[in-house]
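Please look through the sequence and the model first, and then read the notes below alongside them.

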Amino acid sequence: MAATRFMTLPRHILEGEKQHPEATGELSAILLQLGLAAKIISLEVNKAGLVDILGFTGENNKSGDQVKKLDIYAHEMLIKAMDHGGHFCVMASEEEEDIIHLPPNKKIGKYVLLFDPLDGSSNIDANISIGTIFSIYKRVSEGTGPGTREDCLQPGYKQEVAGYVVYGSSTILVYTTGHGVHGFTLDPAFGEFLLSHENIQIPKTGRIYSLNEGNYFSWPQGLKNYIKHLQANQFDGKPYQARYVGSMVADIHRTLLYGGIFIYPGDKRNRKGKLRLMYECNPMSFIVEAAGGRATDGKKRILEVQPESLHERTPIYIGSEEDVLLVEKFLREADESE
Ligand code: AHM
Ligand code: MG
């Protein structure tokens, strides 16, 4: 994972574009604009402990301005940053019930943007890492008019680009076009993303498992058996490790770098789990697969699920290939013995 020194995000994108003479440069322009939005959101996230914006919506701050929760701020910032470049025909956000149309006076493009503006936002008050997740698709509706719900409801394998920004001890932007996963760390001194993780490859297996063990009694039997199996066994002569931030972006970022598995299962109370297919699971699955990993709902590849609604949820088992294959085996065996 050797990084080339002083490769900025813009330069990396432009050099990638040169290798594809057929590229129109549109995806590059979109990524650059997303990088800008990420910097602005990152600045605001870093100020979270300093200004009175924590947890207040519709309250007044000291200067009498309306203050917003950070997740609403991030949602509005992304729309504002992305709605005028002429690249998109429609957008959708985890923070909005319906699809988001572009303002009437803006040029309409051929791409579709889906995003979770600030995932894990319940962690903000405790200064725990949170993140932004995004997906880009090509429109499928005919014509050049406003995009439709159908444009947003595409299976994940059709993503053109997926990425996330983790606002942690540093701000890191990770993206893929499906070939190679690259990470850029924001240098706060001069406000530029620098290539820090070139061509990330997820280890084939790892020592860490990551899930909310508080839900143990509702888990499917196969998952209980799998976790007990890990706890009774060792990885390279050492016990397995449980790590769970409770912010998907942070948990997936660690999984990508160190290997292992992240799980949010369906359970007795919520058959489809908690995480959203379109805003969380599809982009993360696209990234993890591009890094050589695996992502399923326990049986089926996440990227092949045909979405039916914008906010639908799915169980997810994602991470190192061998680890995901093993939990699938435990799930299958438990189903067969029922
Ligand atoms: P959010 O979209 O409301 O922020 O919820 C998503 C978050 C994920 O980041 C994280 O993986 C999960 O919720 C944690 O859920 P739980 O507290 O049930 O373990
Ligand atoms: Mg979320």
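Which of the 14 residues around ligand 1 come nearest? In this predicted model, the residues that come nearest to ligand 1 are Asp119, Gly120, Tyr244, Met248 and Tyr264. The notes begin with the ligand and go on to the cysteines, the helices and the loops.

- The shell around ligand 1 is made up, by class, of five nonpolar, five polar and four charged residues.
- Both domain 1 (4-197) and domain 2 (208-337) take part in this shell, since at least three of its residues are drawn from each of them.
- Tyr244, which is among the residues that come nearest to the ligand, places a polar side-chain atom 2.5 Å from an oxygen atom of ligand 1.
- Met248, also among the residues that come nearest, has a polar backbone atom that is 2.6 Å from an oxygen atom of ligand 1.
- For Glu280, an N or O atom in the side chain is 3.1 Å from an oxygen atom of ligand 1.
- On its own, ligand 1 has 470 Å² of accessible area, and the protein covers 77% of that area.

**Cysteines**

- The count of disulfides in the model comes to zero.
- Cys152 is in no disulfide, and the nearest cysteine sulfur to it, that of Cys89, is 7.5 Å away; Cys152 counts as buried because its relative accessible area is 0%, below the 20% limit for that class.
- Cys281 is likewise in no disulfide, with the nearest cysteine sulfur, that of Cys152, 17 Å away; Cys281 is buried too, at a relative accessible area of 0%.

- Helix α6 spans residues 248-258 and includes Thr255, a residue that is buried, with a relative accessible area of 3%.
- A polar atom of the Thr255 side chain lies 2.6 Å from the backbone oxygen of Asp251.
- Helix α7, which runs over residues 277-290, is mostly covered, with 13 of its 14 residues buried.
- Just after helix α7, Gly292 takes a positive phi of about 95°.
- Val324 belongs to helix α8, which covers residues 321-336, and Val324 is buried, with a relative accessible area of 0%.
- Computed along the chain by residue count, Val324 and Ile99 are 225 residues apart, while in space their C-alpha atoms are 33 Å apart.

**Loops and the residues in them**

- Where does Pro265 lie in the chain? Pro265 is found in the loop between strand β14 (261-264) and helix α7, and this proline is buried, with a relative accessible area of 6%.
- Pro265 and Ala250 are 15 residues apart along the chain, and their C-alpha atoms are separated by 18 Å.
- Pro188 has its place in the loop between strand β8 (181-187) and strand β9, and Pro188 counts as exposed because its relative accessibility is 76%, above the 50% limit for that class.
- Although Pro188 and Leu43 are 145 residues apart in sequence, their C-alpha atoms are 9.1 Å apart in space.

**Asparagines with positive phi**

- Asn127 is not a glycine, yet it has a positive phi of about 60°.
- The loop that holds Asn127 runs between strand β4 (111-119) and strand β5 (130-138), and Asn127 counts as exposed, at 73% relative accessibility.
- Asn199, again not a glycine, has a positive phi of about 50°.
- Is Asn199 buried, partly exposed or exposed? Asn199, found in the loop between strand β9 (192-197) and strand β10 (208-210), is partly exposed, because its relative accessible area of 38% falls between the limits of 20% and 50%.

Key
Residues numbered from 1 in each chain as written. Chains lettered and ligands numbered in written order. Predicted model: local features only at pLDDT ≥ 70, side-chain atom pairs only at ≥ 80, totals over all residues. Heavy atoms only, no water. Near = heavy atom within 4 Å. Polar contact = N/O pair within 3.5 Å; in protein donor to acceptor, adjacent residues only side chain to side chain. Areas by Shrake-Rupley, 256 points an atom, 1.4 Å probe, with all protein chains shown as cover. Nonpolar A, V, L, I, M, F, W, Y, C, P; charged D, E, K, R; others polar. Domains from an automatic or database assignment. Disulfide = S-S within 2.5 Å. Buried < 20%, exposed > 50% of the residue type's maximum accessible area, 1.4 Å probe, protein only. Helix = DSSP H or I, 4+ residues; strand = E, 2+ residues; numbered from the N terminus.
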